[in-house]
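The following note collects points for a colleague who is examining the model.

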Amino acid sequence: MPQPNVRPSETYLTLLRSQFDLLPAYRVQNPALHRLFREALAIQKSLLTFSWSQLEQQARRCLGLGYAEFRGLQSRGDKSSMLQQIDHRMGLEFLFVLRGIAISDRRDQFANNFEEGLQQSDPSGRLDRLLTKAEEMVGAEIPESTVERLRARLAGIETRADIQASMERLANGETDNIGLLDAYLPNKNKSLNPGLATHTDAVIMCLSRGLLALAHAQFNNALKAGEHKPGFSAADIREVKSVTHAFSSFLQGGQKQVYSALLVGDPQNITNASLLFAGEIERRLPALAGAQAAMHTVIQALLQRNSGGLAERLGDIAVDAHFLTRKAIACHTACYRLAASACGLDTPKDIRDLQKNIASISFTTPLPNGKNVELAKLNNDFEGEFVEVRGFIQEVTSPPQEGGMLLSHLKLQDPSSGAEANAVVRFSHLPHAGVTKGAFCKLSGTFKKSSSLLSGRPGVEVDALALADLGKNSFDVAFMRLANRWFQPWRSNANLYWSLGAQSADGSDVAAQGAAELLFTPLIR
C-alpha cells in the first residue's frame with residue numbers, strides 16, 4: 001500500500017475507481033451476509049500486500065466460512081421445504097371444503113356471512129394491535145415502509161377476495177387464480193423464505209472467490225520457492241503431460257457423477273455427488289497450481305537457453321493446465337448451486353432448464369477450433385479463414401477506443417522463428433483478466449489482412465464462443481455456465497486460452513498482474 005507522499009500505482013488507482021458494489025439486494029442489516037462480503041473483499045487487501053501466505057489464509061477462511069454458511073442454509077432449506085409441504089396440504093384441504101360448500105345449496109348463505117364477517121373484522125385495527133405487540137417483543141419500532149406495505153396489502157381485501165365470483169368458479173370445477181384461495185394455496189412462484197436465495201448467492205460468491213484466491217496463492221508461493229527440475233528435456237514432456245491428464249480425468253469423472261445423478265433425478269444423490277466433487281476439487285487444485293508454477297519457471301529457463309521449440313511444447317501444456325484450473329473453479333461453483341437447489345432451496349431457471357433437458361443432451365461436444373497455422377506461415381493467403389495460432393505474449397494492452405468500445409490487443413511471438421502476429425479480442429480487458437506478458441497463448445479467430453480493430457494492421461480477430469447454444473447440446477458447457485454470475489472460465493466468451501502468470505509487485509505494469517481477476521472481476525454479476 002503506497003504511503004501518502006508516494007505516487008500511487010496505476011493498479012491501486014484503478015482499484016479505487018472500481019465499484020465493488022454489494023448490489024441493492026444485499027444492502028440489508030444481515031450480519032451473516034455482511035461477513036461473507038467482508039471476507040471476500042478482504043482477499044483484495046491480502047493481494048495488495050503481496051503476502052502469498054496471507055492470501056492463502058484468507059482464501060481458506062472464505063472457503064471455510066462459505067461451507068459453514070452453506071450447511072446452515074441446508075438446514076433452513078429443509079425446514080422451508082417441510083413448511084411448504086404442510087402449507088400445500090392445508091391449502092388442498094381448504095380447497096376441498098370450499099368446493100363442497102360451493103356445489104351445495106348453502107353457497108349463497110356462506111358467501112353473505114363471509115362478506116359480513118370481513119366487514120366486521122376491522123383488519124386495520126387488528127394489524128395495529130399486532131404491530132404494537134411485535135414492537136414490544138423486539139424492543140424497536142417497525143420501519144414505516146414495512147407498515148405501509150402491510151396496510152397496502154390489507155386495503156380492499158373484500159374486493160380482491162371476490163367471494164361470490166370465487167364460489168361460482170369453484171362450483172364449475174376451477175381452481176386456478178381464484179381470489180378467495182390466494183391466502184390459502186401456496187404460490188409456487190414465490191418462496192416461503194425469499195431471503196434464502198440472496199443468502200445462497202452470497203455463500204457461493206464467498207466459496208468461488210476463495211477457491212480462485214487459493215489457486216493464485218499456491219501458484220505464486222510455489223513460484224517464489226522456485227523449485228523445478230533442472231536440465232529439462234523433451235523426454236520429460238510425457239511426465240508433465242501426465243499431471244494435466246490425471247486432473248482432466250478427475251474433472252471428467254466428477255462431472256459424470258453429477259450428470260448421472262441429474263439423469264436419475266434423486267435430490268439426495270444430486271446433493272451428495274455435487275458436494276463430494278466440490279470437496280475433491282478443493283483438495284486437488286492447489287497441487288495443480290503448484291505444478292503450473294514449475295512449468296512457468298522451466299519455460300523461462302528454456303527461453304533463456306534458446307530452446308524455443310521445447311518451450312512452446314511445455315507452453316501448450318501450461319495453457320491446458322490453466323484452463324483445467326478455470327474449469328475446476330467453475331465446476332466447484334456449479335456443484336454448490338446444484339446442491340443448494342436439490343436440498344430444498346430455490347431452484348433458479350438455468351438449473352431447472354438443465355434438469356428438464358438433461359436426458360436430451362450429450363455429455364460433451366467439441367468446441368470450435370480453427371485451422372492450426374504457425375505464426376511464421378501466417379500471411380495474407382489466409383484472409384477470412386478461421387485459424388488457430390499460438391505463441392508467447394509480447395504485448396497485451398486494452399487501449400481506449402472511440403465510442404467507448406472495449407478491445408484488447410495481443411502481440412504473439414514464435415521463439416523458434418521470431419515470427420510475430422497481432423490479435424484482438426472484443427469486449428474484454430485482458431490485463432484485468434490476468435493475461436500477462438510472457439504467458440503462452442492459444443487462440444482461434446478470423447485472420448484479416450487489414451483489420452479495422454487493429455487500425456488496419458493484419459491480425460486475428462478472436463472468435464466469440466456461442467456458449468449458450470453450445471450448452472444446449474453439451475452438459476460439460478451447460479454445467480460450467482451455471483457459474484457465470486461468479487466466475488467465467490472463458491472470459492467474455494472469447495475462444496482464447498493462456499498460461500497462468502505471476503502477480504508483479506510493480507503495480508504500474510498492468511501486463512504483469514496474473515491475479516488481476518481477484519481485483520477487477522465483480523463478486524457477483
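1. C441 has a relative accessible area of 0% and is therefore classed as buried, since the cut-off for that class is under 20%. C335 is likewise buried, at 0% relative accessibility. It should be kept in mind that the model under review is a predicted one.

2. On the cysteines, the structure contains zero disulfides. C335 takes part in no disulfide; its nearest cysteine sulfur belongs to C331 and lies 6.5 Å away.

3. As to the overall composition, the protein comprises 16 helices and seven strands. It has 525 residues, of which 45% count as buried. Considering contacts between residues at least 6 apart in sequence, 73% of them join residues at least 24 apart.

4. Two packed helices are described by the angle between their axes and the distance between the axes. For helix α4 (residues 107–120) and helix α8 (residues 163–171), the angle is about 145° and the axes are 9 Å apart. The crossing of α4 and α8 is right-handed.

5. Which residues form the contact of α4 with α8? From α4 come R107, D108, F110, A111, N112, F114, E115 and L118, and from α8 come I163, Q164, M167, E168 and A171. By class, the residues of this contact are seven nonpolar, two polar and four charged.

6. Strand β3 (residues 407–413) is mostly covered, with five of its seven residues buried. Strand β2 (residues 386–397) pairs with β3 in the antiparallel sense through five bridges. Within that pairing, I393 has L412 of β3 as its bridge partner.

7. β3 also pairs with strand β4 (residues 420–426), again in the antiparallel sense, over seven bridges. H409 is bridged to V424 in β4. The hairpin of β3 and β4 has six residues between the strands, and G418 there adopts a positive phi near 80°.

8. N306 has a phi near 65° and is not a glycine. N306 is located in the loop that joins α11 (267–304) and α12 (308–342).

9. N493 sits in the loop between α15 (475–481) and β7 (496–498). Its relative accessibility is 27%, so N493 counts as partly exposed.

10. Q488 is placed in the loop between α15 and β7. Why does Q488 count as buried? Its relative accessibility is 17%, and the class covers values under 20%. Leaving aside residues up to four places away in sequence, Q488 touches R326 and R525. The C-alpha atoms of Q488 and T521 are separated by 9.9 Å, although the two residues are 33 residues apart along the chain.

Conventions:
Residues are numbered from 1 along each chain as its sequence is written. This is a predicted model: local features need pLDDT of at least 70, side-chain atom pairs count only at pLDDT 80 or more; totals for chains, interfaces and linings use all residues. Side-chain values use heavy atoms; hydrogens and water are left out. Axes are lines fitted to C-alpha atoms, for helices over the stretch in contact, and angles run from 0 to 180 degrees between N-to-C directions. Helices (H or I, at least four residues) and strands (E, at least two) are DSSP runs, numbered from the N terminus. A crossing is left-handed if the near helix is turned anticlockwise from the far one by less than a right angle, and right-handed if clockwise. Contact means heavy atoms within 4.5 Å. Ala, Val, Leu, Ile, Met, Phe, Trp, Tyr, Cys and Pro count as nonpolar, Asp, Glu, Lys and Arg as charged, and the others, Gly among them, as polar. Buried means under 20% relative accessible area, exposed over 50%, partly exposed in between (1.4 Å probe, protein chains only). Two strands pair if DSSP finds at least two bridges between them. A disulfide is a pair of cysteine sulfur atoms within 2.5 Å.
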